[in-house]
Amino acid sequence: MRRDFPVSDETVRLLTSYVRPCRFPKRYQLIRAGVYCKVAYFIEKGITRSYWLVDGEEVTTSFSSDGGIVFSMDELYYHKLSEEFVETLTDVEAYEISLADLLHLFHTNLELANWGRVIHQNEYRRLHRTHKERLTLSAKERYEEMKAQFPVVCERVNLGYIASYLGITLPTLSRIRAGK
């Protein structure tokens, strides 16, 4: 579990009592658009990618790796079907918690509620910054920012997913990486 916001050992023990370990192979769909998943995953080891289908094409929206958490915000907060897919890009070791249990913990434990708030603040900031970068930075600058933000992803993930995330074509990304 990420410790961006400190929580007590007691709260960690409480959270641990609600999770169960799980493993998933590469290319496994953790979350599917149009399907209730009913769980969140704390990523212990591995990489996931979130994406939307737009006119039949996959558009990568985010990556998560060791220490991250993935779930459908639509489902958790709005009780709606997810509009997004999350798939594993590597074998993944994770801890699973039901969304009902996670909401219960957010409502009954102030430390976990604040921890969840910090996770969402950081994600909102990342999304806001990514939106600004797409509007103001060149493709090369966006790639450099992504390397700083997701170094492991840039080293280990299919370049097509990276290009999709950056909003550029694969040939453009290849030229950037080759220094042309």
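Tutor: Let us begin with the second largest pocket of this predicted model. Its lining consists of 14 residues, and those nearest its centre are K45, G46, D66, T90 and D91. Two or more lining residues come from each of β1 (20-24), β8 (92-98) and α6.

Student: What makes a residue part of the lining of a pocket?

Tutor: A lining residue has an atom within 4 Å of a point of the pocket, and 14 residues are counted as lining the second largest pocket, whose volume is about 170 Å³.

Student: How do the residues of that lining divide by class?

Tutor: The lining of the second largest pocket has six charged, five nonpolar and three polar residues.

Student: Which element supplies the largest share of the lining of the largest pocket?

Tutor: That share, 12 residues, belongs to α4. The largest pocket has a volume of about 1200 Å³, and of its 43 lining residues S62, M73, E123, R126 and L127 are the closest to the centre.

Student: Turning to helix α1 (residues 9-16), why are its buried residues said to lie on the same side?

Tutor: The buried residues of α1 are T11, V12 and L15, and because they cover an arc of only 105° around the axis, they are placed on the same side of the helix. These buried residues pack against β3 (39-45), β8, α3 (99-108) and α4.

Student: What makes D9, E10 and R13 count as exposed?

Tutor: Exposed means over 50% relative accessible area, and D9, E10 and R13 are the exposed residues carried by the face of α1 turned away from its buried side.

Notes: Residues are numbered from 1 along each chain as its sequence is written. This is a predicted model: local features need pLDDT of at least 70, side-chain atom pairs count only at pLDDT 80 or more; totals for chains, interfaces and linings use all residues. Side-chain values use heavy atoms; hydrogens and water are left out. On a 1 Å grid over the protein atoms alone, a cavity is a set of points where a 1.4 Å probe fits but cannot get out, and a pocket is an open set with protein on both sides within 12 Å along at least five of seven lines; lining residues have an atom within 4 Å of a point. Grid points are joined across faces, edges and corners, and a volume is the space filled by probe spheres set on the points. Helices (H or I, at least four residues) and strands (E, at least two) are DSSP runs, numbered from the N terminus. Ala, Val, Leu, Ile, Met, Phe, Trp, Tyr, Cys and Pro count as nonpolar, Asp, Glu, Lys and Arg as charged, and the others, Gly among them, as polar. Buried means under 20% relative accessible area, exposed over 50%, partly exposed in between (1.4 Å probe, protein chains only). The arc is that of the directions from the helix axis to the C-beta atoms. Contact means heavy atoms within 4.5 Å.
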